Amino acid sequence: MMEEEELEFVEELEAVLQLTPDVQLAIEQVFPSQDPLDRADFNAVEYINTLFPTEQSLANIDEVVNKIRLKIRRLDDNIRTVVRGQTNVGQDGRQALEEAQKAIQQLFGKIKDIKDKAEKSEQMVKEITRDIKQLDHAKRHLTTSITTLNHLHMLAGGVDSLEAMTRRRQYGEVANLLQGVMNVLEHFHRYMGIPQIRQLSERVKAAQTELGQQILADFEEAFPSQGTKPKKPKAPDNPFHGIVSKCFEPHLYVYIESQDKNLGELIDRFVADFKAQGPPKPSMDEGGAVLPSCADLFVYYKKCMVQCSQLSTGEPMIALTTIFQKYLQEYAWKILSGNLPKTTSSSGGLTISSLLKEKEGSEVAKFTLEELCLICSILSTAEYCLATTQQLEEKLKEKVDVSLIERINLSGEMDTFSTVISSSIQLLVQDLDAACDPALTAMSKMQWQNVEHVGDQSPYVTSVILHIKQNVPIIRDNLASTRKYFTQFCIKFANSFIPKFITHLFKCKPISMVGAEQLLLDTHSLKMVLLDLPSIGSQVVRKAPASYTKIVVKGMTRAEMILKVVMAPHEPLVVFVDNYIKLLTDCNTETFQKILDMKGLKRSEQSSTLELFRQRLPTPPSGPEGSSSLSLLAPTPEQESSRIRKLEKLIKKRL
């Protein structure tokens with residue numbers, strides 16, 4: 001009876017606790033258990049048989065029942081706890097739900113604020129980008145306008161120069177200029193509707209046409225005269241040729257005296273016109289205009305030579321040549337050299353000594369723009385006279401009798417014009433050189449031992465660069481037709497300025513390590529400016545002539561090496577002396593003494609250092625090998641390039 005009741009209870013319990021397989025699987029995954037009571041396929045009968053496998057085991061049934069009842073009570077307690085917990089969880093869940101709803105509302109509010117701010121930011125960005133786009137368009141249009149304006153300036157200047165060179169028959173310069181003008185003109189094809197552009201284009205075409213006609217005319221004039229000219233008065237076929245004209249040769253002195261008087265009056269008129277009209281106006285387009293009086297002089301010479309040769313090719317031609325020489329000299333001294341700004345007060349007129357007031361902190365007065373242009377104009381005129389005088393000598397030799405050719409010699413007059421050219425170049429060099437003197441004096445008077453840090457280039461460097469940028473472009477533009485003499489000016493200025501700079505460098509004493517580094521930076525800045533001097537301030541950058549670059553690199557590198565020796569520590573003495581000999585390749589005790597003074601060494605230290613220097617000097621062997629062994633002390637181009645690179649790295653590091 002008991003067993004039947006238990007079986008019924010078990011069946012009812014199984015019916016109540018029957019769970020779906022999915023729920024059962026989930027429970028097993030969440031709460032894994034090895035207890036048979038937790039299994040889904042629990043069989044009460046099998047479980048009881050397991051607990052009481054034999055009749056003897058029934059003896060402790062009460063104990064087992066008590067354990068099961070205890071377990072049941074624990075389960076009930078756990079169930080009550082879970083149920084109560086679920087009740088609290090519900091309340092907490094509702095509260096959490098309400099808080100979540102509030103948070104969601106707040107979040108929606110913040111999102112709305114962020115969205116509003118984003119819309120305002122987007123509107124602001126649109127406004128900013130609209131302004132930026134307008135600025136981009138304006139910048140692009142401005143750049144195009146500036147480029148077009150530069151091209152227009154180059155075109156207008158090029159057309160004026162082209163017409164001027166065409167008039168002067170400077171075909172070599174015209175060939176280069178014409179190509180450049182045509183290249184610039186290509187940029188204005190779409191602007192041909194503008195009257196001014198169309199006018200410039202028509203002027204270029206007219207200049208091309210005139211050039212073609214002019215060159216053809218020159219060829220037609222030159223070739224027939226050369227083809228028909230008899231070879232050197234070959235005896236004439238007609239034995240009576242020249243008999244009549246020879247009768248008048250003893251009386252042609254009247255003609256020669258007349259030409260002497262006429263040429264004297266012509267020179268006086270040139271002098272008077274120059275005083276009345278003044279120096280030629282500065283012209284940046286034609287570049288150093290040749291004085292028109294020289295062309296008038298040689299036109300008159302040609303007329304006289306043709307007239308005289310028609311009358312006689314004998315002694316009267318020699319007399320006429322003497323007259324030519326006389327007035328070439330007068331023209332050179334009265335018109336050219338006489339109108340150069342004077343360099344000494346005894347000569348009268350302008351004086352450099354009165355213009356150059358070397359006061360500390362004051363700008364240096366120098367030649368005005370008009371005076372610089374005048375010097376360049378006189379230089380260009382002297383070059384024209386030099387070349388034309390050489391041609392005049394050749395023409396005179398062609399006209400005169402063969403037996404008298406050796407007496408035609410205008411080399412003295414050509415030397416005179418060369419002297420005028422040299423004097424003009426020297427004036428330009430002295431002017432720029434003197435303008436830089438106060439800056440170099442200021443450099444030598446600075447307290448270099450008190451320099452605490454390396455900064456930008458010193459004010460004296462800025463002053464030198466300013467004078468160079470003021471003078472050189474004017475001189476270059478006014479010597480555009482005589483490039484070789486502009487190169488001579490650059491070379492002479494470098495040969496004058498660099499030694500003077502090194503002389504003032506030796507006056508900078510004592511020098512601290514930082515002061516030497518600042519001087520090294522200044523020297524490098526000056527070196528870069530000097531290397532760029534031939535094309536400084538020019539829109540067209542040309543490579544400096546190799547002869548000029550070599551002078552600058554050699555001179556300024558020596559200045560850099562001097563400062564590197566000054567920067568080097570003087571101990572140990574052997575290393576210092578050997579570095580000096582290696583870097584400067586200078587065996588001069590006086591130079592070494594100057595460097596010791598720059599370093600600020602005491603006399604006692606200098607004595608021992610000088611003695612060691614004399615001992616360490618290389619002794620060249622006698623004979624031709626000696627000179628070659630000394631040349632080995634000079635740095636190779638590779639070593640010099642390496643030192644320059646190290647110097648540049650040092651300067652970049654300090655900056």
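**Helix packing and two local details**

Me: When helix 14 passes helix 15, is the crossing right-handed or left-handed?

Reply: The two helices meet in a model that is predicted, and their axes lie 11 Å apart where they pack. As helix 14 passes helix 15, the crossing is right-handed.

Me: Are helix 14 and helix 15 roughly parallel or roughly antiparallel to each other?

Reply: Helix 14, which spans residues 459-478, packs against helix 15 at an angle of about 160 degrees. Angles over 145 degrees count as roughly antiparallel. Helix 14 and helix 15 are therefore, relative to each other, roughly antiparallel.

Me: How many nonpolar residues does the contact of helix 14 with helix 15 have?

Reply: On the side of helix 14, the contact involves Val464, Ile468, Val472, Ile475 and Arg476, while helix 15 brings Arg483, Phe486, Phe489, Phe493 and Phe497. Sorted by class, this contact has no polar residues and 2 charged ones, and the number of nonpolar residues is 8.

Me: Are helix 8 and helix 10 roughly parallel or roughly antiparallel to each other?

Reply: Helix 8 (residues 253-277) and helix 10 (residues 315-336) have axes 10 Å apart, and they pack at an angle of about 15 degrees. The crossing of these two helices is right-handed. Because angles under 35 degrees count as roughly parallel, helix 8 and helix 10 are described as roughly parallel.

Me: How many charged residues does the contact of helix 8 with helix 10 have?

Reply: Helix 8 contributes residues including Asp260 and Asp268, and helix 10 contributes others, among them Lys326, Glu330 and Lys334. By class, the contact of helix 8 with helix 10 has 13 nonpolar and 2 polar residues, and the count of charged residues is 5.

Me: Does Ser444 count as buried or exposed?

Reply: Ser444 has its place in helix 13, which covers residues 411-445. Leaving aside neighbours within four places in sequence, Ser444 is in contact with His504, Lys507 and Cys508. Since buried means under 20% relative accessible area, Ser444, at 15% relative accessibility, counts as buried.

Me: Which residue has the backbone oxygen that the side chain of Ser444 reaches?

Reply: Ser444 lies in helix 13, and its side chain comes to 2.8 Å from a backbone oxygen. The residue that carries this oxygen is Thr441.

Note on methods:
Residues are numbered from 1 along each chain as its sequence is written. This is a predicted model: local features need pLDDT of at least 70, side-chain atom pairs count only at pLDDT 80 or more; totals for chains, interfaces and linings use all residues. Side-chain values use heavy atoms; hydrogens and water are left out. Helices (H or I, at least four residues) and strands (E, at least two) are DSSP runs, numbered from the N terminus. Buried means under 20% relative accessible area, exposed over 50%, partly exposed in between (1.4 Å probe, protein chains only). A polar contact is a pair of N or O atoms within 3.5 Å; within protein, one must be able to donate a hydrogen and the other to accept it, and residues adjacent in sequence count only if both atoms are side-chain atoms. Contact means heavy atoms within 4.5 Å. Axes are lines fitted to C-alpha atoms, for helices over the stretch in contact, and angles run from 0 to 180 degrees between N-to-C directions. Angles under 35 degrees count as roughly parallel, over 145 as roughly antiparallel, 65 to 115 as roughly perpendicular and the rest as oblique. A crossing is left-handed if the near helix is turned anticlockwise from the far one by less than a right angle, and right-handed if clockwise. Ala, Val, Leu, Ile, Met, Phe, Trp, Tyr, Cys and Pro count as nonpolar, Asp, Glu, Lys and Arg as charged, and the others, Gly among them, as polar.
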